[in-house]
Amino acid sequence: MESCIKKPLDQKPTGSYTTATYWRNQNDVIANVLGIYNVLYVEDWVGHALYTYDDQSDDIYVAGDHSDFQAVGNLNADPSLQVIYYTWPFAYEQIGRANNAIFYIPKVPVMDDAIRSRSMGEAYFLRAYAYFLLSQIYGEVPIITEANVQASNYNVPKATLDQVRAQVESDLLKAINLLPETYDAADKGRVSKGAAEGLLSKLYLFEDDFAKSIQYGTAVINDANYSLAPNYDDNFTPGIQQTTSNELLFAVWNQNSEISGSLQSPMAIYFSPRPWQGWGFHHPTQNFVDEFETGDKREKTTVLAVGDSIPYQTNLSVISPEDAVQMFTGKAGQSTGRMLPSMSTTGYYIRKYTAYMPSGDGNLNFDLKQPLLRTAEIYLIVAEAKIRQSGAGSGDAEINAVRVRAGLEPVAGAGMKQLIHEKRVELGGENVRWQDLLRWDKDQIVNLDTIVGKPKKASPLPPYNGAVIVPARTFQRPKDYFMPIPQKIIDESKGVIKQNPNY
């Protein structure tokens, strides 16, 4: 073939693109922005590994065979851990794709103004989201923007935490001005103005800027386009998520289709029981299950317990002698589609990310969207900001909005204790608890020594019998507020990036 080409260097490229041949028109812009979203599906980023950090909390025990996950969960992180390294490059991959969009979209000569504006807003939001997560996990990190693209300068030192948060704030304010409030059915799943307002409200809460947190969170709450779903489980039910629920401000928009390719987050695999097509990594603790009040509708949506089943789950398991307790007594050797004691280390699974195909073929339903930011969280963010700014009772309306939906009686005069309880049961398993505990510990609202000093325990039912699955741990301040910078990143930077203190 090569001998037939007389001037090989003069051939027009057919299998690759450059900035000169790619950023040509509106179709290129739309494709590139979708490419930023695609990073969210990656297993070692938002698609799964990010949830490892919440395994440090009192809600979840990390099972499975990943020793690096277990080290993080046991508060024994070190710079060599694989999961800590993977988080970094995928976050910066998302940032890098967003930077390219922000740099090149204004240069595209002809395109629809609304799509140009929307695309820029999406890029700003997705960059802000990655930096927000990086700031939570590592604290100080390098800031790489479109200016670095222009200068081809990517090896820069860490910025301060305040500087990183200022970058997130700047990007979100731009996104708010550029993004539409809603999308039609063809574009549903793209980030909206409400997503940017909601994330900004959350950022301000982390900065203890309560007035601004209330301002932007209230804008979401007062917009009917982002109303709470009628039923709590609507947020975790395929089909209903995208049709009757406006609550998913930001989600990994999985598609259960042969043509969707890799656009399926592996969340369902990692959270679902191993005998039911999953790998079963994250198991709720008894302490978390005990937090639910009697009659709270959220418990059944959040927690899968021994004896429970899931619609369309057709994978049958044989009841072993050790399973033959309580509702399974005398049934050893029989087959069942209910959860057995042998399926879980603690006696429980997070149920929110598990659904099965209505066809009954036994396969996981990957059409289940992965919520990353819900309107209910914004209600509770505003409630906390009001309580901390104006005192107990000032956040009652927001707290009661989520309580009443859960089938519970409203509260009056709620303070931080009630707010902390409500966030824990409303957002259980959604990668919120540990970061909340960290900032509350910094502000001396909770004491992490007490929380991590309690062993993680399994169900009191046989055969678990309340066994300790993780003994009491020790929280080291300020070291454990942030993960170490991956050693591989420090080495690749030739020492430009410095390690976090105490590692």
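Q: What does α5 give to the lining of the largest cavity?
A: Five residues, and that's the most any element gives there. Bear in mind that this is a predicted model. Alongside α5 (113-137), each of α8 (193-206), β8 (370-374) and α17 (433-442) supplies at least two lining residues.

Q: What makes this space a cavity rather than a pocket?
A: A 1.4 Å probe fits inside but cannot get out, whereas a pocket is open.

Q: How do you know which residues line the largest cavity, and which lie nearest its centre?
A: A lining residue has an atom within 4 Å of a cavity point. For the largest cavity there are 25 of them, with Tyr129, Leu133, Gln136, Lys202 and Asn431 nearest the centre. Sorted by type, the lining comes out as 16 nonpolar, three polar and six charged residues.

Q: How do you know whether the span of helix α14 agrees with its number of residues?
A: Take 1.5 Å times one less than the number of residues. For the 16 residues of α14 (residues 375-390), that should give 22 Å, and the end C-alpha atoms are 22 Å apart, so the two agree. Just past the helix, Gly391 has a positive phi of about 100°.

Q: Why is α14 called largely enclosed?
A: Buried means under 20% relative accessible area. On that test 12 of its 16 residues are buried, so the rest of the structure largely encloses it. Among them are Glu377, Tyr379 and Glu384.

Q: Why is α15 described as largely enclosed too?
A: Seven of the 10 residues in α15 (residues 396-405) are buried, so this helix is largely enclosed as well. The buried ones include Asp396, Glu398, Arg403 and Arg405. They pack against α9 (210-221), α13 (298-302), β8, α14 and α16 (416-426). Just after α15, Gly407 takes a positive phi of about 85°.

Q: What makes a group of residues a nonpolar core?
A: They have to be buried, come from a set list of nonpolar types, and be joined through side-chain atoms within 4.5 Å. The largest such core has 136 residues, and Trp45, Val46, Ile84, Phe125, Tyr131, Tyr138 and Phe250 touch the most other members. α5 gives the most to this core, with 14 residues. A second, separate core has 16 residues, including Ala268, Tyr356, Phe366 and Tyr464.

Q: Which residues does Tyr138 touch?
A: Leaving out residues up to four places away in sequence, its contacts include Tyr53, Ile84, Trp88, Phe482 and Pro486.

Terms used: Residues numbered from 1 in each chain as written. Predicted model: local features only at pLDDT ≥ 70, side-chain atom pairs only at ≥ 80, totals over all residues. Heavy atoms only, no water. 1 Å grid on protein atoms, 1.4 Å probe; cavity = no way out; pocket = protein on both sides within 12 Å on 5 of 7 lines; lining within 4 Å. Helix = DSSP H or I, 4+ residues; strand = E, 2+ residues; numbered from the N terminus. Nonpolar A, V, L, I, M, F, W, Y, C, P; charged D, E, K, R; others polar. Buried < 20%, exposed > 50% of the residue type's maximum accessible area, 1.4 Å probe, protein only. Contact = heavy atoms within 4.5 Å.
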